[in-house]
Amino acid sequence: MALSIVPQCSAEEIAEYYMHRSLIFEALGMLDHSKRDLQRILATDPLFIQRYHEMAIDLDTNGQEARARQIREFILKLYI
């Protein structure tokens, strides 16, 4: 797992790495790889959903509804 390879990174940074990689896999049509990375996000950082949900709320409050919607759409993928 990535944590053993890059021990100097925090769990949040590793989860964000998996988030971005899962989006790339999805764009490439590699859905099995994307799904595995989505599972790794939650295994690496159990507070990921809460943190990003709070970020979406802050973005809504600041008038950035489109970005907040993108975050919420990504969060929903973690439940599938």
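These entries record what I looked up on helix packing in a predicted model.

**Entry 1: α2 against α4.** I began with helix α2 (residues 11-27) and helix α4 (residues 48-61), which pack at an angle of about 75 degrees with their axes 11 Å apart. Because angles of 65 to 115 degrees count as roughly perpendicular, I recorded α2 as roughly perpendicular to α4. I then listed the residues that make the contact: Glu 12, Ala 15, Glu 16 and Met 19 come from α2, and Phe 48, Arg 51 and Tyr 52 come from α4. Sorted by class, this contact has 4 nonpolar and 3 charged residues, with no polar ones.

**Entry 2: α4 alone.** I checked the span of α4 next. Its 14 residues reach 20 Å from the first C-alpha to the last, close to the 20 Å expected at 1.5 Å a residue. I found Phe 48, Ile 49, Tyr 52, Ala 56 and Leu 59 to be its buried residues. They lie on the same side of α4, because they cover an arc of only 90 degrees around the axis. The cover over these buried residues includes α2, α3 (31-44) and α5 (65-77). Just after α4, I noted a positive phi of about 80 degrees at Gly 63.

**Entry 3: α5.** I repeated the check on α5, which has 13 residues and reaches 19 Å between its first and last C-alpha, close to the 18 Å expected at 1.5 Å a residue. Which residues of α5 are buried? I listed Ala 68, Ile 71, Phe 74 and Ile 75. Their arc around the axis is only 125 degrees, so they too sit on the same side of α5. These buried residues pack against α2, α3 and α4.

Conventions:
Residues are numbered from 1 along each chain as its sequence is written. This is a predicted model: local features need pLDDT of at least 70, side-chain atom pairs count only at pLDDT 80 or more; totals for chains, interfaces and linings use all residues. Side-chain values use heavy atoms; hydrogens and water are left out. Axes are lines fitted to C-alpha atoms, for helices over the stretch in contact, and angles run from 0 to 180 degrees between N-to-C directions. Helices (H or I, at least four residues) and strands (E, at least two) are DSSP runs, numbered from the N terminus. Angles under 35 degrees count as roughly parallel, over 145 as roughly antiparallel, 65 to 115 as roughly perpendicular and the rest as oblique. Contact means heavy atoms within 4.5 Å. Ala, Val, Leu, Ile, Met, Phe, Trp, Tyr, Cys and Pro count as nonpolar, Asp, Glu, Lys and Arg as charged, and the others, Gly among them, as polar. The expected span of a helix is 1.5 Å times one less than its number of residues. Buried means under 20% relative accessible area, exposed over 50%, partly exposed in between (1.4 Å probe, protein chains only). The arc is that of the directions from the helix axis to the C-beta atoms.
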